[in-house]
Amino acid sequence: MATLTTTEILTDTLDAFKLQFPMLGNFTSDMSSGSAVKGQTIMAHIANLPTASTYDATTGYANGATAAESLLEDVPVVLDQHAHVPIKLDYIASISNQKKIYQQQIDNRAYVLGKSIVDFALGKVLAANFTNAVNESVVGDVDRETLGAIRKEMNLNGAAPSGRFGIVNGDAFESLDTDPRIASADYHGQQIEGNSLGQLNNVSGFEAIYEYPTLAANGELLAGVFLDPRGIAIATRLPDHNIDYANDLGIPRAGKFEVVEDPDSGLALLGISWEQPGTFDQFLTVTVLHGAAAGAQGGSAGAITDKAGVRLTTTS
C-alpha cells in the first residue's frame with residue numbers, strides 16, 4: 001500500500017488552506033519561509049499616498065517632493081501565536097483505499113490552522129483599533145443601504161479606493177444575500193453554488209464580502225468589518241527549527257523537518273514527522289508562527305491604519 005510522504009501531506013494541506021480561507025489574500029501580509037522565534041516582532045510595511053504639488057519656477061518638479069521612505073508606514077506585528085495541528089499517519093497511510101479519509105484529514109487540518117490565524121486577526125477588530133462604525137438596530141436590517149453607508153464612511157476617511165473587502169457573520173450575510181437588489185438576476189454571479197460559505201463579489205464598491213459564521217462579537221456586538229488591505233496586517237514565519245545544534249553535538253535526529261511554500265503569497269508551513277519508539281506509530285504536525293496588527297493598535301483615533309476599516313455593529 002502506498003504511504004503518504006510528509007511533502008505530499010504538506011503540499012495538500014497548503015492547497016486546502018488557501019481554498020478554505022480566501023480572505024487571507026485580501027489582508028496586508030508579510031509571509032515568509034524565514035525562521036523566527038515566538039514573540040519576535042516583524043515590521044510590516046504599508047504604503048501611504050503622496051501629495052500633489054504645484055510646479056515651482058525655482059525648484060521645478062522637485063517642489064514638494066515626498067521622501068519615498070516616508071510613504072511606507074511601519075506596522076509592527078508580534079509573532080505571539082504558535083499554531084500546529086498534529087495527526088497520526090496510520091489513519092491516512094494509504095491513498096489507494098482511503099482517499100476519502102485522507103481528504104477529510106487534509107481539509108480538517110487546513111481549516112483548523114487557517115481558522116486560528118483568521119480568528120486571531122479578527123479578534124483585534126475592536127473600537128480601540130477601528131473607531132469608525134456603522135450600526136444597525138438589528139442584524140436583519142443589514143442591506144445594500146448599509147453597504148452604501150460603510151462605503152461612504154470609508155471614502156470620507158480616505159481609505160484606499162480599490163481592494164476593499166468585508167467579512168460578516170452568518171446572519172449579516174443572510175440579510176445581504178436576501179436583499180433583492182443583490183440577489184436579483186442582475187447579480188446572477190452571486191449564487192453560492194457548491195461552497196456552503198457565501199461570497200458576494202463586486203457589490204457596492206467591495207471586491208468581495210465573505211461569510212464567516214464564527215465571527216466573534218468581541219464584546220461589542222460586532223457583526224462584520226470592512227477593510228482596505230491596510231486595515232489588518234498578518235505576518236507568518238516558520239518556528240526556528242535549526243538542527244545544526246544537534247548535528248554539532250552529534251545528537252541523532254529524532255524527527256524529519258520539511259518546508260513547503262506558496263510561491264504567490266509566500267505562506268510557508270513547516271512539517272515535522274517522527275516515529276514513536278516502542279509503538280512505531282508515526283506522527284506529523286504542521287506548524288507556523290503568526291501574529292496580526294490592526295488599525296490604530298490601541299492608539300489615538302486616526303492613528304496608523306485606523307481609517308482603513310469600518311466596523312459593522314448591531315444595537316441588539
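1. At the start of helix α3 (residues 144-157), a side-chain oxygen of Asp 143 comes to within 3.1 Å of the backbone nitrogen of Glu 145, a polar contact in the sense of an N or O pair within 3.5 Å, in which one atom must be able to donate a hydrogen and the other to accept it, and in which residues adjacent in sequence count only if both atoms are side-chain atoms. The model is a predicted one, in which local features need pLDDT of at least 70 and side-chain atom pairs count only at pLDDT 80 or more, while totals for chains, interfaces and linings use all residues. Residues are numbered from 1 along each chain as its sequence is written, and side-chain values use heavy atoms, with hydrogens and water left out.

2. The protein chain contains six helices and 14 strands, taken as DSSP runs (H or I of at least four residues for helices, E of at least two for strands) and numbered from the N terminus. Of its 316 residues, 42% count as buried, that is, under 20% relative accessible area, with exposed set at over 50% and partly exposed in between (1.4 Å probe, protein chains only). Among contacts (heavy atoms within 4.5 Å) between residues at least 6 apart in sequence, 79% join residues at least 24 apart.

3. Helix α3 has 14 residues and spans 20 Å from its first C-alpha to its last, close to the 20 Å expected at 1.5 Å a residue, where the expectation is 1.5 Å times one less than the number of residues. Its buried residues are Thr 146, Leu 147, Gly 148, Ile 150, Met 154 and Asn 157, and just after the helix Gly 158 adopts a positive phi of about 80°.

4. Helix α1 (6-20) can be described in the same terms: it has 15 residues and reaches 21 Å between its first and last C-alpha atoms, close to the 21 Å expected. Thr 6, Ile 9, Leu 10, Thr 13, Leu 14, Ala 16 and Phe 17 are its buried residues. Phe 17 also belongs to an aromatic cluster with Phe 21 and Tyr 111.

5. Rings of Phe, Tyr and Trp (its six-membered ring) are paired here if their centres lie within 6.5 Å, with planes under 30 degrees apart called stacked, over 60 edge-to-face and the rest tilted. By this rule there are six aromatic pairs. One of them is the edge-to-face pair of Phe 27 and Phe 165, at 5.3 Å centre to centre and 85° between the planes. This pair links distant parts of the chain, with Phe 27 in the loop between α1 and β1 (28-36) and Phe 165 in strand β6 (residues 165-168), 138 residues apart. Phe 27 is buried at 5% relative accessibility, and Phe 165 is likewise buried at 1%.

6. Strand β6 is part of an open sheet of six strands with mixed pairing, in the order β5-β14-β9-β6-β8-β7, two strands being paired if DSSP finds at least two bridges between them. At the edges stand β5 (133-136) and β7 (199-203), each with a single partner strand, so one side of each is left without a neighbour in the sheet. Neighbouring strands are turned by 15° against each other on average, direction ignored.

7. Within this sheet, β6 and β9 (residues 222-227) run antiparallel and are joined by four bridges, with Leu 227 in β9 as the bridge partner of Phe 165. Five bridges join β9 to β14, again antiparallel, whereas β5 and β14 run parallel with four bridges, and Glu 136 stands opposite Thr 314 in β14. Helix α4 (residues 170-177) lies across β6, β7, β8 (206-211), β9 and β14 (309-314), running at about 125° to β8; axes are lines fitted to C-alpha atoms, for helices over the stretch in contact, and angles run from 0 to 180 degrees between N-to-C directions.

8. Both faces of β14 are covered, with Gly 309, Arg 311 and Thr 313 buried on one side and Val 310, Leu 312 and Thr 314 buried on the other. Val 310 is the bridge partner of Phe 226, a residue of β9 that is buried with a relative accessible area of 0%. Leaving aside neighbours within four places in sequence, the contacts of Phe 226 include Leu 147, Ile 150 and Met 154, as well as Phe 165 and Leu 312.

9. Arg 237, in strand β10 (residues 232-239), also counts as buried, at 12% relative accessibility. Its side chain reaches the backbone oxygen of Asp 30 at 3.0 Å, and, beyond its neighbours within four places in sequence, residues in contact with Arg 237 include Met 31, Ser 32, Leu 79 and Val 288.
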